[in-house]
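Hi there,

Here is the structure I promised to pass on. Have a look at it first, and my notes follow below.

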Amino acid sequence: MVNEEMMSISKKRGFLYPSFEIYSGVAGFYDYGPLGGMLKNNIMNLWRNYYINQEQFYEIEAPTIMPRETLKASGHVDNFTDPMVKCSECKEVYRADHIIEDAINKEVEGLPDETLTQIIQDNNIVCENCGGKLGDVESYNLMFKTQIGVSGKQTGYMRPETAQGIFIAFKRISRFYKDKLPFGIVQLGKSYRNELSPRQGVIRLREFTQAEAEIFVDPSDKTHKNYEKIQDYTLKLYGQKQQLENLEPITITVKKAVDEGIISSEMIAYQIVVARKFLADLGIADDAIRFRQHLPDEMAHYAIDCWDAEVKTDQYGWVEIIGIADRTDFDLKSHIKHSKEDLSVFKEYDEPKTVTKTKASFNMKKFGPTFKGDSAKAKEILEQTNPDEIIEAFNENGKYTFSINDNEYTIDDTFITFKTEDEQIRGERIVPHVIEPSYGIDRIIYSTLLHAYTEDVNDEGEKRSYLKLPAKIAPIKAAILPLVNKEPLTDIATEIEETLRLNNIITSYDTSGTIGRRYARSDEIGIPYAITVDYDTIDDNSVTIRNRDTFKQVRIKIDELPDTILKLINGSIEFDNL
């Protein structure tokens, strides 16, 4: 299988390998080796180029440990769970929906615990380890719990997503943007989920890297200023209709998808296009990418539209690597409720509006004797009550009745009077909605390596296996290869390597074995260009550049190398045009 061959190269050549190997390993953790770490950084920097340079968002960095209050407000403490089932014999623990799907080949994710328990019983599903009976399904919180401070009095959790750090800092971020919607903020960093039984390698990790953007928009305006530039872009969409009716994905223009209501807004559509272009830059082929819309029963309760960018794999089928959601105002309103902080922004009207307002005036001399300790609460309740409701009660009964903590109070128009007047207003305070593209960097790296893995025949007629990584993300950009390991060729090659590295071009210097074997080694790890120093170099001060993918070779002057390699990497020139 391609997956096994790719992982073999990844482990052998220093891209990816299981963590803690000398202690038998721990599921859900992977190391990035020397080349993997560089590849990861290159992919994250490419992502930054999209969202910071092109979209003009800014990046923040929030703590990875969060106090319980923040994750209680976000809903993670109560709801961030997976269904767990334990073997009554060997005590092995499984994720219930996964063991069911493996046993009966049926999608059951999202079903209630009681339903999953019944399915296990009805189908006589037993422990995969010992064949023992499985117990009842229970919800298990996925967050890593810890204590903040030596006293242990404050509970904390390793963050399960980077997004909450942005929502919590919203007041300062909004002030930074001068409260002018729309604006976006991004964060790249580690997140943690204590998965029950991670069995899919890099696809399901307990410690992973996310790249998320939170784009704050006016709830009444989800257009995008650059929509016209992308409206004719073609996407492969696997919408709700196609899934529910067992149809194939459709290929459709962005404009048609938005006009027909398949995609809910220009904002969501624009982010889908950004994700598609990003994946294309990683070298993932069109036919291996689709955008799947969440079904009604799997859509998060706070979302009004959500699409997953999925990549086809030979081992795991279609795998979600990017999620793009309209989270509405759920997150900000949750933090408003729990923190009592104002997380709204002032929306200024194009022209001032004249509105008729009814204002209340309170007779506080009567409030104290009547409400005593509840005076402030009574005033707050009456201020929040629609004035028309109170006025109507006064007109009908001469009194208005309300409750405070099960105590009933009655007032008349000597407690409160109303005055109606016209007022010009320049705007209103609103709680923004959030458009969130969320990228799983580790899954993206896995997908990139998987689709970069290539088998063909080399320029010597031998079968070769190599990583066809795009030059802009390849860990090493050029291999420096003296034709033979002798002076003066080695001296010239060393000078070339130093010059390229001074120009921020990462290189590999190799003198071991035949030139063909060295080409093969550099191809295998995805080096796009090989620079060969031969005896003609001594006379004409030029070298041969070989293209990894086409075997094409051209001669070029040494002093032109840095500029040429940089232009090849950024795509401003094509190799065939050298």
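**Where domain 1 meets domain 2**

Between domain 1 and domain 2 there is one residue pair in polar contact, with both residues at pLDDT 80 or more; a polar contact here is a pair of N or O atoms within 3.5 Å, where, within protein, one must be able to donate a hydrogen and the other to accept it, and residues adjacent in sequence count only if both atoms are side-chain atoms. Across that interface, zero salt bridges turn up (a side-chain nitrogen of Lys or Arg within 4 Å of a carboxyl oxygen of Asp or Glu).

Please bear in mind that this is a predicted model: local features need pLDDT of at least 70, side-chain atom pairs count only at pLDDT 80 or more, and totals for chains, interfaces and linings use all residues. Residues are numbered from 1 along each chain as its sequence is written, and side-chain values use heavy atoms, leaving out hydrogens and water.

Domain 1 and domain 2 bury about 700 Å² between them, 47% of it on carbon and sulfur atoms (buried area is the accessible area, with a 1.4 Å probe, that two parts lose on being put together, summed over both). On the domain 1 side, Leu196, Ser197 and Arg199 supply 71% of the area buried against domain 2, more than any other three residues. The C-alpha centres of these two domains lie 30 Å apart, under bounds from an automatic or database domain assignment. The contact (heavy atoms within 4.5 Å) takes six residues from domain 1 and 11 residues from domain 2.

Best wishes
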